[in-house]
Amino acid sequence: MGKQVTKVHNTKGESRHRSTALVLVSVAFLLGGLLGYLIQEKLPGSPYVHVFLKEARDHMIQPNLWQEIWRVFRWPVGLLVLRSLPFTGLSVPIWILIRGFMLSYSISAFTLEEVRFAVLLFGPSCILTLPVLFLMSTEILLRKVGEPTERKPAVILACLLSLILCMVIDLAVVPMLLT
């Protein structure tokens with residue numbers, strides 16, 4: 001009789017790599033957020049925020065589908081591009097650092113009285129797109145070190161639906177709430 005070889009997964013090693021990748025992405029994001037906050041203190045963006053809020057209150061800002069597609073999908077698409085380039089292990093955390101920086105710089109430009117506007121503007125984006133970015137970044141980094149990852153259609157579909165839901169909320173709900 002022939003020997004049957006069964007493949008044993010090293011779940012402890014896989015878990016360690018997954019945890020390391022997630023910690024790397026998280027630290028990059030938090031470092032970017034800290035840098036965004038510190039630079040906002042030196043180079044304030046609040047004049048831009050005040051102009052934006054005035055235009056939003058006066059109904060001068062109309063949601064644009066193509067701008068919203070760009071705003072929501074640029075970060076995940078950037079990760080997909082970086083995945084195919086050399087130095088993925090360095091470029092992906094830098095991309096996430098930049099995302100953390102941009103988000104923190106924008107949010108910290110709001111005053112305490114304007115916090116509700118910041119929640120309206122950045123809430124759907126943060127709640128719906130950041131988990132997608134963390135998931136994609138972790139999977140890309142795991143593939144870089146040769147860790148087998150499964151492409152589950154349900155996860156891919158959930159990520160895509162999350163990004164589309166973010167666009168719908170930003171296009172349909174947020175403009176009504178800003179006025």
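Colleague: How do the residues that line the largest cavity divide into nonpolar, polar and charged?

Modeller: The classes go by residue type, with Ala, Val, Leu, Ile, Met, Phe, Trp, Tyr, Cys and Pro nonpolar, Asp, Glu, Lys and Arg charged, and the others, Gly among them, polar. In this lining there are 4 nonpolar, 2 polar and 2 charged residues. This is a predicted model, in which local features need pLDDT of at least 70 and side-chain atom pairs pLDDT 80 or more, while totals for chains, interfaces and linings use all residues. Numbering runs from 1 along each chain as its sequence is written, and side-chain values use heavy atoms, without hydrogens or water.

Colleague: What makes a space a cavity, and how many does the whole structure have at 30 Å³ or more?

Modeller: On a 1 Å grid over the protein atoms alone, a cavity is a set of points where a 1.4 Å probe fits but cannot get out, whereas a pocket is an open set with protein on both sides within 12 Å along at least five of seven lines; lining residues have an atom within 4 Å of a point. The search finds 1 cavity of 30 Å³ or more, and the largest cavity holds about 40 Å³ of space. R71, V72, W75, P76, R99, S125, T129 and L133 form its lining.

Colleague: How many salt bridges does the model contain, and which side chains does R71 pair with?

Modeller: A salt bridge requires a side-chain nitrogen of Lys or Arg within 4 Å of a carboxyl oxygen of Asp or Glu, and by this rule there are 3. R71 pairs with E68 at 2.9 Å between the closest N and O atoms, and with D170 at 1.9 Å. E68 and R71 are about one helical turn apart, because 3 residues separate them in helix α3, whereas D170 lies in helix α6 and thus ties R71 to a part of the chain 99 residues away in sequence. Through shared partners, E68, R71 and D170 are joined into one network. E68 counts as buried because its relative accessibility is 8%, D170 is likewise buried at 8%, and R71 is partly exposed at 25%.

Colleague: Which side chains meet in the salt bridge that involves R18, and where do they lie?

Modeller: R18 meets E139, with 2.8 Å from N to O; R18 belongs to helix α1 (residues 11–42) and E139 to helix α5, so that distant parts of the chain, 121 residues apart, are linked. R18 is partly exposed at 37% relative accessibility, while E139 is buried at 15%.

Colleague: What is the volume of the largest pocket, and which of its lining residues are closest to its centre?

Modeller: The largest pocket has about 990 Å³. Of its 31 lining residues, F52, E68, R71, L121 and F122 are the closest to the centre. The elements that give two or more residues to this lining are α2 (46–57), α3, α4, α5 and α6 (153–178), and by class the lining has 19 nonpolar, 7 polar and 5 charged residues.

Methods: Points joined across faces, edges and corners; volume = space filled by probe spheres on them. Helix = DSSP H or I, 4+ residues; strand = E, 2+ residues; numbered from the N terminus. Buried < 20%, exposed > 50% of the residue type's maximum accessible area, 1.4 Å probe, protein only.
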